[in-house]
Amino acid sequence: MNCPAPVEISYENMYFLITHNPTNATLNKFTEELKKYGVMTLVRVCDATYDKAPVEKEGNHVLDWGTCAGCTCFD
């Protein structure tokens, strides 16, 4: 699966990383990327496509903000 590269956005003292929507099959690589960028809190705004337990096990806090109405999410 080809995924777009993560995009970093900063605003004042806040930093955001926009990523693809991983699956359980790609979760190991995804958590490596989160570590690389120093992510501590993950906000899911699309339908959950993976189990968040492995992400939380790595020390990240996962927030579910529901589905994205009207947006196009990556497979």
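## Chain overview

Of the 75 residues in the chain, 19% are buried (under 20% relative accessible area; exposed is over 50%, partly exposed in between; 1.4 Å probe, protein chains only). This is a predicted model: local features need pLDDT of at least 70, side-chain atom pairs count only at pLDDT 80 or more, and totals for chains, interfaces and linings use all residues. Residues are numbered from 1 along each chain as its sequence is written, and side-chain values use heavy atoms, without hydrogens and water.

The chain holds two helices and four strands. Their order along the sequence is β-β-α-β-α-β. Both kinds of element are DSSP runs, numbered from the N terminus: helices are H or I, at least four residues, and strands are E, at least two.

## Surface and contacts

Take the contacts (heavy atoms within 4.5 Å) between residues at least 6 apart in sequence: 32% join residues at least 24 apart.

A nonpolar surface patch is formed by Val7, Ile9, Tyr11, Met14, Phe16 and Ile18, with about 560 Å² of accessible area together. Patch residues have over 30% relative accessible area and no salt bridge, and nonpolar side chains are joined within 5 Å. A salt bridge puts a Lys or Arg side-chain nitrogen within 4 Å of an Asp or Glu carboxyl oxygen. Strand 1 (7–11) and strand 2 (14–18) each supply at least two patch residues. Ile18 lies in strand 2 and is partly exposed, at 47% relative accessible area.

Glu12 sits in the loop between these strands. Its phi is near 50°, a positive value in a residue other than glycine. Glu12 is exposed, at 64% relative accessibility.

Key. Patches are made of residues with over 30% relative accessible area and no salt bridge: like charges are joined within 9 Å, nonpolar side chains (Val, Leu, Ile, Met, Phe, Trp, Tyr) within 5 Å. Accessible areas come from the Shrake-Rupley method with a 1.4 Å probe; for residues, only the protein chains shown count as cover.
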